[in-house]
Amino acid sequence: MWKLKLSQGNEAWVTSVNGNIGRQYWEFDPNPGASKEELARVEEARNRFRTNQFRAKHSSDILMRLQFAKENPMEELHQGQVEEEEEMDEAMVIEKTVRRGLRYYASLQAEDGFWPGDYGGPLFLLPGLVISLHVTGALTTILSSEHQREIRRYLYNHQNGDGGWGLHIEGHSTMFCTALSYVALRLLGEGSSDGDGAMDEARKWILGHGGATYIPSWGKMWLSVLGVYEWSGNNPLPPEIWLLPHFLPIHPGRFWCHCRMVYLPMSYLQAKRFVGRINSTVLSLRRELYTTYYHEIDWDKARKLCAKEDLYYPHPWVQDVLWSGLQKIGEPLLMQWPLSKLRKKALNQVMQHIHYEDENTSYICLGPVNKVLNMVCCWVEDPKSEAFKRHLPRIKDYLWVAEDGMKMQGYNGSQLWDVAFAAQAVLATNLVDECGSMLKKAHDFVKNTQVRENSSGVLSQWYRHVSRGGWPFSTPDNGWPVSDCTSEGLKVALLLSRIPSEIVGDPIKADRLFDAVNLILSLQNKNGGFASYELTRSYPWLEIINPAEIFGDIMIDYPYVECTGAAIQALTAFVKMYPHHRRKEIDLCVAKAIDFLESIQLPDGSWYGSWGVCYTYGTWFGVKGLVDGGRTYANSSSIRRACRFLLAKQLESGGWGESYLSCQDKVYTSLEGDKSHLVNTSWALLALIKAGQVERDPSPLQRAVKVLIASQMENGDFPQQEIIGVFNKNCMISYSAYRNIFPIWALGEYYNRVLLPFVKR
């Protein structure tokens, strides 16, 4: 039976900057001592998912919930909290719903203060891991037979009805994920006709769409590493670009960190022309994946191919000219003496950067793609290296098990991000005394998760921004603070410092708050906006050379409404408590940030959300930032337009429901059947409350509240609905805690800011 392990790390080659607080991973216990009833409930959850796999594509974290129900049972409801709802007025119903929701959500909190959860969704991550472990000979060492069984379960569960796999669990079939998922299943022991016909259907989809020569560039790279595609069929990624002067706009040190950290190891593997051991499975895949004989494929032609189903960002002609020139002229020259010395120098520098990233992230790395690529590079450099040995035990930090199987997450979790939102949600209910234990544990986690020091060495040499004082998305072992995570962490630290220490523990010391403010101020761009991890270092025209056909806006770190709105909220909250610390700089920063938010608001009054689905998410951040910055419905046309936008999108049911298609198409799109979504509804409700909607017409708020109340489950949980997170415009990702956090937050705000003031009046 699978068991979730929390904040543990007593194993060889694992180091941590905070004692592994926040770490989450799953282990299989062959002798769990579980009852037949417990095992039956797990199987029932798996079977239910499989039965409904085309109707509900998102798992509900049933395995984790079953474990917590046993280990952390909910407290009994107090007398007076169980009256029949028909005997209650509106206030009593909301209060009962909130208390029941808090009671349930408290039962899911880890002792170290965070809420574990599923951060999966993308379907291209697991195959990369399987291929990397296969070529390094570590597949069976890291993935036991139980791991492999759950990975196969996951892949089969998320195969679409047409036989293919999407870029993410709700997406249409793509060559990228269909070919890679098929390959992963074959490497995990599945035959070419196994899976009750599923493998045949997958291969039929691949061949029916032209074969694997039509896989996009990231897929071409993975297949080349495995040995089922030739490196000559890839567009060049010369590592020599790292030797260019940094002042050039095209230097990779100016790219968005996720972009440069992925293409860094890719350039190494391509320059090395590394290919794993060729075995019978690899030779068979060469026959299975293509519409013609492998030795007859025109690899130069294949280099330019991409299936239309995958083509989100078509290559402009400039790219075609660039890649062809590098392929036919640049690469041959760089392979010849004396330029071959330049190649050797570039590869050495690339590996230095890879080692720096590994060492400064405790071998977790920035994200899952560069994690496994870095691991392969370390193995290619030296299969017996300490670096490779340190990579292996950190793989499980990315793996998550649910009723749909074992998935690879888009980060090593969303721990800090979820805790910051959860704490604000609890505080919004004004039930501090009842939730003291929950808040104290969350407070401890926030204190233990702040990044205390900068990365090692001379930061400019490694193209790193300062880190001291920031908060990461997950844990400090990840080592990469984010602007909005730092802002949300600072907000929570300030809010909890106002509560008696007997309830929530000692507040964070002022100098650590000052460090956070210093980091936030350092991240503001000249245009007033805030990007994610770093300053915007180059220009949008670099998207002309975006080599990833499947993603949009990946080349530079763009400023976002979410990051900017969060920064305004944090800084204005800080000023109220520390009015004299860098006051002039903070006031100027906030003013510029407000101007930026107003400048990027869309004509319909919305903001495009880049990290959540989509316009409701962006508009929530836009409204919150402007209101905390001093704008009101009366003095701001931006606030008025935002309210009109949200009210126009409210459904007849009273809720809001936005499809992930809004993100990729950049047009507001409702869920199929005008279905409402709890999280979208909560975001819209929070934004309207913030903008003072109650003073004009409270009825839209009342209708939304009824939707949230009616959706709560008997035990206080809320149902998992459609996927709600996004990155790079085109790939969706799960934020599994949102289903609990935001309904509680919205109902708490409504109760205390709308209902109680009305009753008092």
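## Burial and model basis

Buried means under 20% relative accessible area, exposed over 50%, and partly exposed in between, with a 1.4 Å probe and protein chains only. W620 is buried by this scale, at a relative accessible area of 1%.

The model is predicted: local features need pLDDT of at least 70, side-chain atom pairs count only at pLDDT 80 or more, and totals for chains, interfaces and linings use all residues. Residues are numbered from 1 along each chain as its sequence is written, and side-chain values use heavy atoms, with hydrogens and water left out.

## Aromatic pairs

The structure holds 49 aromatic pairs. Rings of Phe, Tyr and Trp (its six-membered ring) pair if their centres lie within 6.5 Å; planes under 30 degrees apart count as stacked, over 60 as edge-to-face and the rest as tilted. F421 and F742 are edge-to-face, 5.3 Å centre to centre with 65° between the planes. This pair links distant parts of the chain, 321 residues apart: F421 lies in helix α17 (residues 415-428) and F742 in helix α29 (residues 738-760). Helices are DSSP runs (H or I, at least four residues), numbered from the N terminus. F421 is buried at 0%, and F742 is buried at 0%.

W620 and W745 also form an edge-to-face pair, with ring centres 5.6 Å apart and planes at 85°. W620 is in helix α24 (residues 615-628) and W745 in helix α29, 125 residues apart. W745 counts as buried, at 6% relative accessibility.

## Charges over rings

A charge sits over a ring if NZ of Lys or CZ of Arg is within 6 Å of the ring centre and within 35 degrees of the ring normal. The charged end of K396 sits over the ring of Y25, 4.3 Å from its centre. R464 has its charged end over the ring of W480, 3.6 Å from the centre.

Definitions and conventions
Helices (H or I, at least four residues) and strands (E, at least two) are DSSP runs, numbered from the N terminus.
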